[in-house]
Amino acid sequence: MPRDAFDRTIDYLRISVMDRCNFRCTYCMPLEGLRFLPTEELLTAREIQTVVEAAVDVGFRKFRITGGEPTLRRDLVEIVGRIRSVSGVGEIAMTTNGVLLPELAAPLVEAGLDRVNIHLDTLDPQRLRQVMRLGDLDRIRSGIEAAESNGLTPIKLNTVVVRGGNDEDVSGLARLTIDRGWHVRFIELMPLGGGENADYARDHYVSNDEVKARLESEIGPLLEVPPTHPSDESRNHRFAGADGVVGFISPVSAPFCGACNRMRLSADGRFLLCLLREDERDVRGALRGGGGIEVVREALRKAVAAKPIGHELSEGRSIRTRRMHQVGG
Ligand code: SAM
Ligand code: SF4
């Protein structure tokens, strides 16, 4: 297993396959003025497979496909199949807004996908349109059902809490865990992307302590669930007698850098050493320069060795100039 300079085991690679999206969530993408990567700058399915082969050689075992919105990638099923074909690959998960899962869940499972995290900020259809702009509650719900009926379980729902947007809707989402074995995870808003986007995040930030206090006063006590894995960034809880889990992911108020086990591959083929820092290593150039898998392996080893620790989000600083849809959340 690859260990970094801080003795962390780094065995989880999050692969962004696309920077485009069919939504424009307020904290992630502006409505206008976006420039997306041209297709030729995206890693191909074959190139992604080579990176995964190199990653497995280096000791990575868990892979997550993300974006932008990964389901917009036309060759997504092929990408999953290629990752699954690599011997030594463990779990393959995907983060998605879910709306294309009714068509895609079955072929993705057949290709080897194990699980999905689905992004849902509120159960109020009107407010959902305000926060997840272009989002549609019925279509996300159909996506969740398709994921569940095709065995992409346990279903994990991700909610980013936005002051004045969906902060009063958290109990409705948390109540879903009472009768269903779902995980509903509340994520603190991070000031990524610099400029207006970072200002928006700082102005609309809600701490998970506040979310938890609201859930306990509106629903009842939350009992702590011991972590199943030390690198799980979610602090999990359960309402008494509930089937599912309420999780808190708190990168701003309680950073989890000491247990971080992950690295990212951006859609344009760069290893991102940390979500919240600018450190990057180009791998597409090596691949397209004819370097082959050995060069990718070496780049990955060096990236793990150079992985930094710590960030300054709690001081309100925005460290990354790229937004979440560009780095792969
Ligand atoms: N489109 C997919 C989705 O929304 O799940 C995958 C990509 S999205 C960038 C991944 C995750 O990043 C989502 O759960 C989203 O809510 C989260 N996210 C985006 N911008 C964020 C921000 N500024 N702070 C915290 N989470 C953010
Ligand atoms: Fe799209 Fe996901 Fe960003 Fe929302 S958070 S705009 S669904 S990439």
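Strand β7, which covers residues 156-160, is mostly covered, with 5 of its 5 residues buried. This description, like the rest of the report, concerns a predicted model. Lys-156, Asn-158 and Val-160 point one way from β7, while Leu-157 and Thr-159 point the other way; all are buried.

On one pairing, β7 runs parallel to strand β5 (residues 115-119), and 3 bridges join them. Ile-118 has Leu-157 in β7 as its bridge partner. Another pairing links β7 to strand β8 (residues 183-187), again running parallel, and here there are 5 bridges. The bridge partner of Leu-157 in β8 is Val-184. Between β7 and β8 the chain passes through helix α6 (residues 170-179), and this β-α-β crossover is right-handed.

## Strand β8

How many of the residues of β8 are buried? The count is 5 of the 5, so β8 is largely enclosed by the rest of the structure. His-183, Arg-185 and Ile-187 point one way from β8. Val-184 and Phe-186 point the other way, and all are buried.

Phe-186 in β8 stands opposite Thr-159. β8 also pairs with strand β11 (residues 245-249), in the parallel sense and over 5 bridges. In that pairing, Ile-187 has Ile-249 of β11 as its bridge partner.

Strand β4 (residues 92-96) is largely enclosed by the rest of the structure, because 5 of its 5 residues are buried. From β4, Ile-92, Met-94 and Thr-96 point one way and Ala-93 and Thr-95 the other way, and all are buried.

Strand β3 (residues 62-66) pairs with β4 in the parallel sense, over 3 bridges. Met-94 in β4 stands opposite Ile-65. To get from β3 to β4 the chain goes through helix α2 (residues 76-84), in a right-handed β-α-β crossover. From β4 the chain then crosses through helix α3 (residues 101-111) to β5, and this β-α-β crossover is right-handed. β4 and β5 run parallel and are joined by 4 bridges. Met-94 has Val-116 in β5 as its bridge partner.

## Loop residues

Which two residues does a cis peptide bond join? They are Thr-153 and Pro-154, with omega at about 0 degrees. Pro-154 is in the loop between α5 (137-149) and β7. Leu-134 lies in the loop between β6 (132-133) and α5. The phi of Leu-134 is near 80 degrees, a positive value in a residue other than glycine.

Is Leu-134 buried or exposed? Exposed means over 50% relative accessible area, and Leu-134 counts as exposed because its relative accessibility is 57%. Cys-274 sits in the loop between β13 (270-272) and β14 (280-282). Buried means under 20%, so Cys-274, with a relative accessible area of 14%, is buried. Cys-274 and Cys-260 are 14 residues apart along the chain, and their C-alpha atoms are separated by 9.2 Å.

## Surroundings of ligand 2

Ligand 2 is surrounded by Cys-21, Phe-23, Arg-24, Cys-25, Cys-28, Met-29, Gly-68, Asn-97 and His-119. By class, the shell around ligand 2 divides into 5 nonpolar residues, 3 polar and 1 charged.

## A pocket and a cavity

The second largest pocket holds about 260 Å³ of space. It is lined by 14 residues, and the closest to its centre are Met-18, Thr-39, Leu-42, Arg-73 and Arg-74. The lining of the second largest pocket has 7 nonpolar, 2 polar and 5 charged residues.

How many cavities of 30 Å³ or more does the structure hold? There is 1. The largest cavity contains about 30 Å³ of space. Its lining is made up of Asp-167, Val-206, Glu-210, Val-211 and Arg-214. By class, 2 residues of the lining of the largest cavity are nonpolar, none polar and 3 charged.

Terms used
Residues numbered from 1 in each chain as written. Chains lettered and ligands numbered in written order. Predicted model: local features only at pLDDT ≥ 70, side-chain atom pairs only at ≥ 80, totals over all residues. Heavy atoms only, no water. Buried < 20%, exposed > 50% of the residue type's maximum accessible area, 1.4 Å probe, protein only. Helix = DSSP H or I, 4+ residues; strand = E, 2+ residues; numbered from the N terminus. Pairing = 2+ DSSP bridges. Right-handed = clockwise from strand over helix to strand, strands pointing away. 1 Å grid on protein atoms, 1.4 Å probe; cavity = no way out; pocket = protein on both sides within 12 Å on 5 of 7 lines; lining within 4 Å. Points joined across faces, edges and corners; volume = space filled by probe spheres on them. Nonpolar A, V, L, I, M, F, W, Y, C, P; charged D, E, K, R; others polar. Near = heavy atom within 4 Å.
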